[in-house]
Every structure is written in C-alpha cells, then in structure tokens.
Amino acid sequence: MKTAAGSVTGLRCLACNAFYPPELLYRCTACAGILEVERAKPFRRWDPSDFVREEVTLGEGGTPLRQVPSSLLHPDFRGALLVKDETRNPSGSFKDRLVAAALSRAIEFGASGIVSASSGNAGAAAACYAANAGIPAIICCPETTPHGKLAQIMAYGATLERVSGHYGNSFQRAMELCDQHGYVNLTTTYLNPYGVDALRLVGQEIFEALGGILPGWISIPTSSGPLVKGVFQGFLDTAEQVPRLVAAQSEGCAPIARAFAGGQDTVEPWELPQTIASGISDPLQGYPEEGSHTLSLIRKSGGEAVAVPDNYIKDAMVALARKAGLFCEPTGATSLAACRRLFSEGKIGMPDTVVCIITGHGFKDFSAWSDVEAHGIPS
Ligand SMILES: *Cc1c(COP(=O)(O)O)cnc(C)c1O
Ligand SMILES: [Zn+2]
C-alpha cells in the first residue's frame, strides 16, 4: 500500500505496541493502553485533510505567539517572554483544536451524537462544535465547575449533566452514556486519539512562529497531558528536537508534579482536587497511566513538572491582564506562575527564551476575578 508522507496509517498502543487500523477505538483492546495516531514519515504539518474528507471547523488554531514584557516573569529576567494565546479559539480555549478534529473524525464514523466529560472547557468546545455540525451533545461536568462554563455549555444547546464528586465520576458517566446512546466519546483526555493528534499543530505553530529557533522552555498548564504531548510531538515533527517542557499544575491537584518531585516513573491519582484552576483539576482517578505517559515526555524533554499555590496563579493571572492585556482564567495563567517559580529557583536562566501557553479565556470564570481589587488611576 502506498502511503503519502504525513498520512495516518493507524493507531498504535503505547504500552504493548499493538497496531490497529484507523477506526473508532479509545483504548488498546489487548491491554487497555493509550493509543496514539501513527503517521507515515516525514510529517511536518498537521492538517485535518490528512484523515477526514469533510472537516468541521470554526477557525480554531493559528493563534498568535507574541512577546510580552520580560518583567512579567521577574524584574531580573533578561530573556524573552512570549505567550501563545489560546484564549483566541472559538469557544475560548485550546480544547477547540482537539474537538474539531475528533468531531470531524466522529462524523466520518457516522456519529449520531457525542458525549464529553469535562471540567468545563472541553464541554464548551464539544457543545459549540456539535451545534455547528447539527448533532446532539451530552456534557458531563463536576458540580464544582464554574458557572460561566456551565452557562456556555447550555448556551450552545447541549444537554448538561452535573455529576457529583470530582472529574473522575464525570469521566465514568460519559462512558456509560456513550454505551447507552451509541454516541461517540469526545472526552479530551488521551481517550480520543484523533483529538490528541491535532494538538501537534500547537508545537508546529510555535516553532514556525519563532522562525525555526528552538526556545529554551515551553510552559503548559497540565491536567492529564494531551497538550504536553502535542507540543512534544509537534517539535519532533518540525525541529527534530524538543525544548524543555514544563508541566504546570496547581498545588491543589498536582499528581504529575508530585511524581516528578519524588523521582517516580508512575503517577498516582490525586486524592481530593481543590484549586481555583478548574481546567486542570483532574485527579486522574481511573487512568493514572495517562499522567505517567505525560511525565515521561516531560523527562525526555529535560523539563520540569511544577506545582504552584493558587495565590501564585492568581498573581500571574492579574499580571497578564494588567501588563500584557491578556484576560485569562486561572488555569491559563498557571504556565506563567510555574515559570516565575522556576526562575526564582535558578532553573530558568537570565537570558532564556520562555514560551507560556495561555490556555483559557477570562470570560469563562468571572468568579475568579470577583475579589481582584481595582487599581487606582496612576498619578
Ligand atoms: C484542559 C485544559 C488544560 C489541560 O490540558 P490537558 O491537555 O488536559 O493536560 C489546561 N488549560 C485549560 C484552560 C484547559 O481547559
Ligand atoms: Zn496494548
């Protein structure tokens, strides 16, 4: 069989190396391992036409990478600080990239509806794209999900099911609903390999926007880690090497950072997530191997997994708005908060180039801003 460079050849199990044709499959049927899309090499640029005839798109991706004042990182930092502004996506987070690809693929498989478990943003993205495609969506969210995100999901006309307890319960419920209705699961952990594959474009875009120069560090708000994987693979595709990647987590839910600090290879689930960073409050209960895979990529890149307290995250969030005109939700600012810590620990150097991915929009979580003091008019 002739395969064009970059085209999808199938799905590969990361645990046992089993190979499957590119069908609708969430996990390895032999060992339940994580599946990844395999492509004919060389692969340089992700494009939906690689695996779908008809693409569902709302103009996601192609987000700006822009330089912001270095002092946002630290007054002594002399290098370059750039933000990859993923708040610009149609529903306000990078999840749109994943959902657009996974939904396009689902429709090829004849999907009559979709289900997504979500801490808010993935559900908003799924609801948004399902509305545009004219198919029903059921979204399962933890009860603690910010109201702005729930309102957004309902605005797009999806069926919202609020599930008690942490994200893991919503994850299980989504699988049940898929079985019941015969819908496709668009949950944005490593569960849907076609969605995860689309995130390679984030790494490819950053390398391209930097004019083919490798930055020192890329910091990424991290839950189970598909975005880390996308950046990792995207740099391998284009640069054939990977910058140091930072998995940025909140101290209130930091399974990957805890394993990194403890020198472990396997990630244990977090007990009780408690953080203002709702987008990364996944304890990985039921699928800690996803965290272990992400941890392995962080280590391969020579990077760091860092947990920061909520007040650091909030300070970084406010600074981004006030010094860079970038209005984000707490989760989105976790990348900058982690880099501030790495600089103060001497890990990020004075002259480095640092890219922070800002993953979600401030409009999604007004409550996080409600106690932020107004500044007086400067005299
Ligand atoms: C989902 C999400 C993340 C975490 O991404 P993963 O790829 O699941 O690790 C980070 N930031 C925001 C705003 C999100 O919605
Ligand atoms: Zn397997």
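Tutor: First a definition: two strands pair if DSSP finds at least two bridges between them. Strands (E, at least two residues) and helices (H or I, at least four) are DSSP runs, numbered from the N terminus. This is a predicted model, where local features need pLDDT of at least 70 and side-chain atom pairs pLDDT 80 or more, while totals for chains, interfaces and linings use all residues. Residues are numbered from 1 along each chain as its sequence is written, chains are lettered from A and ligands numbered from 1 in the order written, and side-chain values use heavy atoms, without hydrogens or water.

Student: OK, which residue is the bridge partner of Arg12 in β2?

Tutor: Phe19. β1 and β2 are antiparallel and share two bridges.

Student: What is the strand order in that sheet?

Tutor: The open sheet has three strands in the order β2-β1-β3, with antiparallel pairing. β2 and β3 are the edges; each has a single partner strand, so one side of each has no neighbour in the sheet.

Student: New topic. What coordinates the zinc ion (ligand 2)?

Tutor: The SG atoms of Cys13, Cys16, Cys28 and Cys31, at 2.3 to 2.4 Å. Donors are N, O and S atoms within 2.8 Å of the metal (3.2 Å for Na, K and Ca); water is not among the atoms, so sites may look incomplete. Along the chain the donors follow the spacing C-x2-C-x11-C-x2-C. Cys16 lies in the loop between β1 (8–13) and β2 (19–20), and Cys31, 15 residues apart from it, in the loop between β2 and β3 (35–39).

Student: Now helix α3. Which residues are buried there?

Tutor: Lys149, Leu150, Gln152 and Ile153, within a helix that runs over residues 147–155. Down the axis of α3 these buried residues fall within an arc of 160 degrees, so they line one face. The arc is that of the directions from the helix axis to the C-beta atoms. His147 and Ala155, on the other side of α3, are exposed.

Student: And what covers the buried ones?

Tutor: The cover includes α2 (121–133), β7 (137–142) and β8 (159–163). Contact here means heavy atoms within 4.5 Å.

Student: What comes just after α3?

Tutor: Gly157, with a positive phi of about 85 degrees.

Technical notes. Buried means under 20% relative accessible area, exposed over 50%, partly exposed in between (1.4 Å probe, protein chains only).
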